[in-house]
6 protein chains.
Amino acid sequence: MKQIITFGEILMRLSPEGNKKFMQANLLEFYFGGTEINVGISIANFGGKVKHISCVSNDFIGDTAISYIQKFGVSTSAIVRSNKPLGVYFLEVGAVMRPSSISYNRSHSSFSDIQPNMVDWENILKKAKWIHWTGITPALCKGGYETLKQGLILAKKQGIAVSADPTYRSGLWKYGENPKDVLSDLLNYSTIFIGGINEINEVLETSYGYSNEDFIEASKKLMERFPNIEKVFDKIRTSINSSWHKIRARMWNGKEFRETSDFDITHIIDRIGTGDAFAAGLIYGLQQFDDYKSMEFASAACALKHTYEGDVNYATVDEVTAILDGNISGRFNR
Amino acid sequence: MKQIITFGEILMRLSPEGNKKFMQANLLEFYFGGTEINVGISIANFGGKVKHISCVSNDFIGDTAISYIQKFGVSTSAIVRSNKPLGVYFLEVGAVMRPSSISYNRSHSSFSDIQPNMVDWENILKKAKWIHWTGITPALCKGGYETLKQGLILAKKQGIAVSADPTYRSGLWKYGENPKDVLSDLLNYSTIFIGGINEINEVLETSYGYSNEDFIEASKKLMERFPNIEKVFDKIRTSINSSWHKIRARMWNGKEFRETSDFDITHIIDRIGTGDAFAAGLIYGLQQFDDYKSMEFASAACALKHTYEGDVNYATVDEVTAILDGNISGRFNR
Amino acid sequence: MKQIITFGEILMRLSPEGNKKFMQANLLEFYFGGTEINVGISIANFGGKVKHISCVSNDFIGDTAISYIQKFGVSTSAIVRSNKPLGVYFLEVGAVMRPSSISYNRSHSSFSDIQPNMVDWENILKKAKWIHWTGITPALCKGGYETLKQGLILAKKQGIAVSADPTYRSGLWKYGENPKDVLSDLLNYSTIFIGGINEINEVLETSYGYSNEDFIEASKKLMERFPNIEKVFDKIRTSINSSWHKIRARMWNGKEFRETSDFDITHIIDRIGTGDAFAAGLIYGLQQFDDYKSMEFASAACALKHTYEGDVNYATVDEVTAILDGNISGRFNR
Amino acid sequence: MKQIITFGEILMRLSPEGNKKFMQANLLEFYFGGTEINVGISIANFGGKVKHISCVSNDFIGDTAISYIQKFGVSTSAIVRSNKPLGVYFLEVGAVMRPSSISYNRSHSSFSDIQPNMVDWENILKKAKWIHWTGITPALCKGGYETLKQGLILAKKQGIAVSADPTYRSGLWKYGENPKDVLSDLLNYSTIFIGGINEINEVLETSYGYSNEDFIEASKKLMERFPNIEKVFDKIRTSINSSWHKIRARMWNGKEFRETSDFDITHIIDRIGTGDAFAAGLIYGLQQFDDYKSMEFASAACALKHTYEGDVNYATVDEVTAILDGNISGRFNR
Amino acid sequence: MKQIITFGEILMRLSPEGNKKFMQANLLEFYFGGTEINVGISIANFGGKVKHISCVSNDFIGDTAISYIQKFGVSTSAIVRSNKPLGVYFLEVGAVMRPSSISYNRSHSSFSDIQPNMVDWENILKKAKWIHWTGITPALCKGGYETLKQGLILAKKQGIAVSADPTYRSGLWKYGENPKDVLSDLLNYSTIFIGGINEINEVLETSYGYSNEDFIEASKKLMERFPNIEKVFDKIRTSINSSWHKIRARMWNGKEFRETSDFDITHIIDRIGTGDAFAAGLIYGLQQFDDYKSMEFASAACALKHTYEGDVNYATVDEVTAILDGNISGRFNR
Amino acid sequence: MKQIITFGEILMRLSPEGNKKFMQANLLEFYFGGTEINVGISIANFGGKVKHISCVSNDFIGDTAISYIQKFGVSTSAIVRSNKPLGVYFLEVGAVMRPSSISYNRSHSSFSDIQPNMVDWENILKKAKWIHWTGITPALCKGGYETLKQGLILAKKQGIAVSADPTYRSGLWKYGENPKDVLSDLLNYSTIFIGGINEINEVLETSYGYSNEDFIEASKKLMERFPNIEKVFDKIRTSINSSWHKIRARMWNGKEFRETSDFDITHIIDRIGTGDAFAAGLIYGLQQFDDYKSMEFASAACALKHTYEGDVNYATVDEVTAILDGNISGRFNR
């Protein structure tokens, strides 16, 4: 079985239990996460063979991060170490009309030490069938951008599928490159686009709206600009408040537009990593199912992720499939 | 005040806090439960005098189980000990579209050592006015079946009320007897039937549907077959998802059909033991109220149980009655 | 910046985690609260300068209470000490149709030692611009009543704003005075009335209903009787059940009647102190905004408080304002 | 089997986990205790049949206290209820040279409502063989003194053994009686004296020192003054620091002086209730063993109690006996 | 790097936090352990490449066990699944003179399903350089004995080192074989004997004492009987009480007797798995060091294990070596 | 009352509960600390009036740090904010022969933004009587050094006492200055030297040993080089292992050498911040007592700090004094 490759920063997440604020707490729950490793772990939980590439701190925190990932059977043999500390993010979980708040400590983290020569792409891609990247990695540091690009070039050469989730987060991007240029550069090597109107507008410098018509138009434009992109998937979240969302998805694959119906998530446990669960569902799905079934699988996976604490989607293929089969009443598995 | 007798296995329940999976946890909450002891404790919380019969392990876990039950004032003097370990079940609590998962470790538990000669039915029933049994006990082991049967025969002879909750769980029943035969045998000694279409179909080998008409028809058929059964009560659960249910109940007492309106349980805390709370509400209610009032009381008790963690219904008669009086807005008790 | 003065008992609050009952718990969460200090802390969190006056125990519990309040930057220099223990209240948090239950241990608490000579009103009011009182303080003990009255007389003399939340709790009032007389006496010195039909009926010995018409009528009557009262604000809570409320507010300021729309609080975290958050929002708001905007601000503050554990409203002005600007979808603050 | 009777206040104990101060904590562990109920529960854990008499609050805290005691099989049928709150004590557990600190909230607790007419001594003592009292009860309130005295008079009349632990705590005794007079009065009905030089000096108004010679002399004097006292037992604690004590005991039974060797308690878990464990060990022991063996049993019980969290001694007879047999190396019980 | 093979049952360990009894707790800490997997994980923490062979339950508990082991980088590819539940043990941790208590639930666990045909010894041993077994495995079930024996026969044939820790636990051994015969049978294939006088006496049916002279004599006798055994290592524990032990070791390698000095473990955190840490230290050591240095390394590893909660030794080679270099003062690693 | 000024970085401390490793935990305890704020808070707990100067992050973590310090009544009005994250350190607490491990994330923390123009020394020192600095601040960043120096120059000019704890930590000092030069520069403005042989050797480039003779010689040399230094205090720690230390102190004040006897800390709870407790004890003491009494007070304070979790010394003057009066047996404070 060939591997799926994810590449990106691993962060320690720290948050008070439940909906407490830091000011109220003296205990914090901690997890490890990061958009790409979240995707990797979720695919591993679907039974996929995954290798994650990253750079973590050379201390007991880095050891703990590696051990956390091994727990899920994701290969950590391509993770390198740095003397800088692991990135951290602090999270206060909101409720009802109170939004969650996040504060990052990642600007000079171990991942910022990543350099192209630290990753043996040649060997890694020999055993790979898919590589997934997001817009966070090239936003963090030049080394992240360059290392990723090197991998994508090689992947394209070898015909390996490349999924892109070019999330644009303006608070990052401090090392001097232009986001639009960098993301466009990397999209040249990508085959699956996971993202919506905002990401397309960012890259194409357009201003499409959120309607299905606009989505189709925008997707077509995107594929014109990047002819290597074969499919565009977009997850749509409707927020009633912090605790209650609805999720659906839509797609344009060059031939047809499809959309799923809503999943009604009446009591959210944790929304971090739900987008990553969608991406992971797609990557897993597209290897087994047709495009629409893959999108449905991804949406159900995304919906399920809202019920797990932490960044990671624990859902198995059977659990996702059960939902697609209509078993959403939550009857016991005895 | 004469006693109400419950008889059945006591299990240790282990589950991670909140909605965590075992894989995420390193702390587990533990409770003791089991369908019959749940009924017993709930009746004791209504002020009833209850004695529970069981067989627990002869170690500090068995001691803890006994002490847990004494806490509620349920008599433990008829509990015997075995060198086998207490049964355990592991629970992962779901949310929204994620179902809860259960795994049992009870096949060779202390309860499997129960034998008719360990229970002094003669003396116990002398001070008893009611005995409650469920379909779990005769499913677990031959000793459970035989011991129970001995008690029911004597109870019938003495005119003691016998309520039956003949839940059929196919995963049990490994010792060679036919479920239908065994349950029918025991129903011959029972006066109150707590169960719905599925249980009736199982026993009568019929295939009634879920409509009220079918329910009435099925109940009549059941009473024909078991003329000792005087009343049939059925609790109906509508699941929106794992976190949000509605509960109502219906009955046929040979003369009239009645049903309650829905209780809307918008934020479930713990659904384990809610059926047992319904049974307990009935057993308590039928000693004070008419059939319909008893069923309403039982439904409100069942609804309230969804708000307590653990297997046990902590609701008092006053608390249940307040709900029947329309106080469901959750105003403070100061 | 001149100070806002709050005066009242500080209580230790003890409750099992989540929705557990004391009988199920062996760990309790503790907070400090009390209606007036809740108001004070909330105003401090809005950036106001607040001094709280109270009498706490002369032991490590009193030390902890003082330290808890200092955490929020509220001045504790006017808090005196007594050899009696700090008041305590025990709370079991309900859910869905289960109401919360409270039990108080405050009858002979440190606050019952408060005497007029312990508070240097002269000096305190020199630097003050507002004083807030509630109906709890004069209900607790004669010393509370007399000390408060002394402060209000002086405040009126100096033209300091006086907000009154004359909550009537019949379980208190054990020291011999008549609630109606005492509350009326104190209302003579007050300029803002925070309370609804029940409080007005109690004081005026009337029997108005809950309609807007009645509210306007009652408010006019109140202002006739207490011409110093300039504005009446009323917060209205609609309870679907213990876990789901709606909140809105209405006002009569002698000239116009206004009411807000509903805030839908679908998943309550903690409703204790939400009324205090409303009062604090008003006190803060009326110093910056017009009456209606102040009431809206107060309602949003009240709604937000339902999302914080404990008695205290942690919301900042920016957080409240964001809600008034329509950001109730709970999107992340990154 | 006849009952052993204990009579006294039940307190809720609240303390931060481990060695935290309240100022550092937001979670508290809670237990129930009180010197007499501690003795009662310990005897029940030795297999004795115990009834405890008390007055607890008529709220969910009182319910929890009763349920806590039932857990150990101690009869709660003679516990009455009051509208006053249950007494509470707060504990900060020290370590090494830091002493533990305690603060009480019991002056107006439910127990202060106890009155002679609330206890049916006639019936209770009919089934009793032993009654144990301590100097705390008559110190708390006049009702405590009078109720106790009534019981002791009747006990003496019926020849029931009466053990006295006349601890003198000067911080109590606020209702006007003289401690020396009251304790002397009650000692007139007692047969076993559990206490040392301080208690004897207090009662006899003497000033004996701590040597064995003085102890013998003092004991003789005590027996002269109270000829009904047959035996005097004294537990001696040597403190290296808060975390490390040594325990031994000595006795004078009118005929011989004996003393045990030291138990070296190198890592104290919880020293609260260790004196009560000694008393319970004596009461249990004197019903089975000779005086010296009883004292040894009591000392080992006392030593073991230092290893249990909370007020209660969980040790069984087998566990205490194992220590007397020299098994103090802590080898596993598998 | 060739693998080290461990083979044996994996158990879930459940114990209350700190020194609480089950009766006092409602939260349990859980770990996974078992003497052989403890050895395997410890070696992996030293940097060794380890594969563990076992049979775990086919449910989420089995999944969690596997994930727990993967965390340490131990290969789980040879672990098979069974429909029986995973074995469990309950632990109450003692202190000072209170011993710890253990209760097992393993008689019909998933491991009891192990059969020779489930383990592909041929392939596993191809990549192996060492296999470690203990007396627990053949004691549990016939399948355990037979599967192990098959592996040892093959190992001997291929000249792979075999370390034996023939712990004799009389409470096991229920399937009909004679312990002495079985252990002797398996020792015929073993090269390193890790065990002391008790184990030798059990196997040889002798009655040597604990002196060094006896140890040498016994070791010689053992090597006579099992000429394949090259070295005997014995760890000696001196217990002051449950919380304070001293550890030293001695050896006879056919040529010389050596013993280490004492490690003084003044504050034990957790003694479970300390013997396994000794075995792991030896297995690791004997691949790098001479016999005495290996024994010293093993003793220091064993001593360090007493400072980690759970069954697992987290110590790295650097951490063990630092102790051998005399750094036992616990100075900070900054 | 004039203020005592402390100046330095505030760090968030994160560590698993008890002696767990990060790899074993999913909950972390958090505190705030830092050598200078530890000193400041300890002095505040002695009743001193303290202002702390620092630069914290402009997010909810910085808010929480400020609120944490306000809890102790330390003035935070001179704390400025930065967009960089607050520094963090991770701690694994060792036991017995296992050392504690620390990992820092502070290189680009908010404090590294500190600049001389952010501190209004003029105004701050007007109300000050003492300023304390340590070798950490000038080691962290040039801005720290320059800001501190500016304050010290002014302090010297105004005759304010300056205590220096010139701890040398080689892992810091990355911005290019020479530690010896910087520390010497700052010592020119200091009056009290808190540190031992290592610090003196570092600054003077000498190689004195640890004997009292060497200490006196070295102190004299130091005072020759820095004639403004009036007194040298040295705390000596003897480690039996991680869990058991002894503490004593010695001094040279230009006229006499004195040393205290040992405090035996048999069960350490937390050794972080014990040196800071010593410094705080000296600063407090030297304002009330003679030099020797001050050193004794500081030593007892240092010993007591070992019994509190977290960085902060909670001891009051009464608690420290009680120890000096010989009350180290840990008898209850009731």
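Predicted model: local features only at pLDDT ≥ 70, side-chain atom pairs only at ≥ 80, totals over all residues.
Two strands count as paired here if DSSP finds at least two bridges between them.

**Figure 1. Chains B and E share an open sheet of 8 strands.** The strands follow the order S7(B)-S6(B)-S2(B)-S3(B)-S3(E)-S2(E)-S6(E)-S7(E), and their pairing is mixed. At the edges sit strand S7 (101-105) of chain B and strand S7 (101-105) of chain E, each of which pairs on one side only. Ignoring direction, neighbouring strands in this sheet are turned by 30° against each other on average. What packs on the sheet? That would be helix H2 (residues 60-70) of chain E, which touches S6 and S7 of chain B along with strand S2 (11-16) and strand S3 (27-33) of chain E. The direction of this helix makes about 90° with that of S7(B).

**Figure 2. A parallel pair inside chain B.** Here we zoom in on strand S2 (residues 11-16) and strand S6 (residues 87-92) of chain B, which pair in the parallel sense over 4 bridges. To find your bearings, look for B:Met12: its bridge partner in S6(B) is B:Val88.

**Figure 3. Chains A and F build an open sheet of 8 strands.** Reading across, the order is S7(A)-S6(A)-S2(A)-S3(A)-S3(F)-S2(F)-S6(F)-S7(F), again with mixed pairing. S7 of chain A and S7 of chain F are the edge strands, and each pairs on one side only. From one strand to the next, the twist averages 30°. H2(F) packs on this sheet, where it touches strand S6 (87-92) and S7 of chain A, plus strand S2 (11-16) and S3 of chain F. The direction of H2(F) makes about 90° with that of S7(A).

**Figure 4. Antiparallel pairs in the A-F sheet.** Within chain A, 6 bridges join strand S2 (residues 11-16) to S3(A), and these two strands run antiparallel. One handy landmark is A:Leu11, whose bridge partner in S3(A) is A:Gly33. Crossing from one chain to the other, strand S3 (residues 27-33) of chain A and S3(F) pair over 3 bridges, in the antiparallel sense. Which residue of S3(F) is the bridge partner of A:Leu28? It's F:Leu28.

**Figure 5. The contact between chains F and A.** Chain F puts 22 residues into this contact, and chain A puts in 22 as well. Four elements of chain F each supply at least two residues of the side that touches chain A: strand S3 (27-33), helix H2 (60-70), strand S6 (87-92) and strand S7 (101-105). H2(F) makes up the largest share of that side, with 5 residues. Sorted by class, the side of chain F that touches chain A has 10 nonpolar, 8 polar and 4 charged residues.

**Figure 6. Chains A and C around an axis.** A rotation of 120°, with 0.0 Å of shift along its axis, superposes chain A on chain C with an RMSD of 0.0 Å. That is the relation of a three-fold axis. Which C-alpha of chain A is nearest the axis? That of A:His267, 4.7 Å from it. The two copies use different surfaces, as 5% of the contact residues of chain A recur in chain C.

**Figure 7. The contact between chains A and C, up close.** This contact takes 21 residues from chain A and 19 residues from chain C. On the side of chain A that touches chain C, strand S7 (101-105) and strand S11 (231-241) each supply at least two residues. By class, that side of chain A has 7 nonpolar, 11 polar and 3 charged residues.

**Figure 8. Domains 1 and 2 of chain A meet.** The domain assignment of chain A gives domain 1 (1-113), domain 2 (116-228) and domain 3 (230-334). The C-alpha centres of domain 1 and domain 2 of chain A lie 21 Å apart. How many residues of domain 1 are in contact with domain 2? In chain A, 19 residues of domain 1 are in contact with 19 residues of domain 2. Strand S1 (3-7), helix H1 (35-45) and strand S4 (50-57) of chain A each give two or more residues to the domain 1 side of this contact. S1(A) gives the most to that side, with 5 residues. The domain 1 side divides into 9 nonpolar, 5 polar and 5 charged residues.

**Figure 9. The annotated span of chain A.** The unreviewed UniProt entry carries the annotation "domain: Carbohydrate kinase PfkB", which covers residues 1-311 of chain A. Residues 1-311 of chain A are 34% helix and 26% strand, and the end C-alpha atoms of the span lie 26 Å apart.

Technical notes
Residues numbered from 1 in each chain as written. Chains lettered and ligands numbered in written order. Least-squares fit on C-alpha atoms with pLDDT ≥ 70 in both. Contact = placed C-beta atoms within 7 Å. Nonpolar A, V, L, I, M, F, W, Y, C, P; charged D, E, K, R; others polar. UniProt positions renumbered as here; feature names shortened; annotations may be inferred. Axes fitted to C-alpha atoms, helices over the stretch in contact; angles between N-to-C directions. Domains from an automatic or database assignment.
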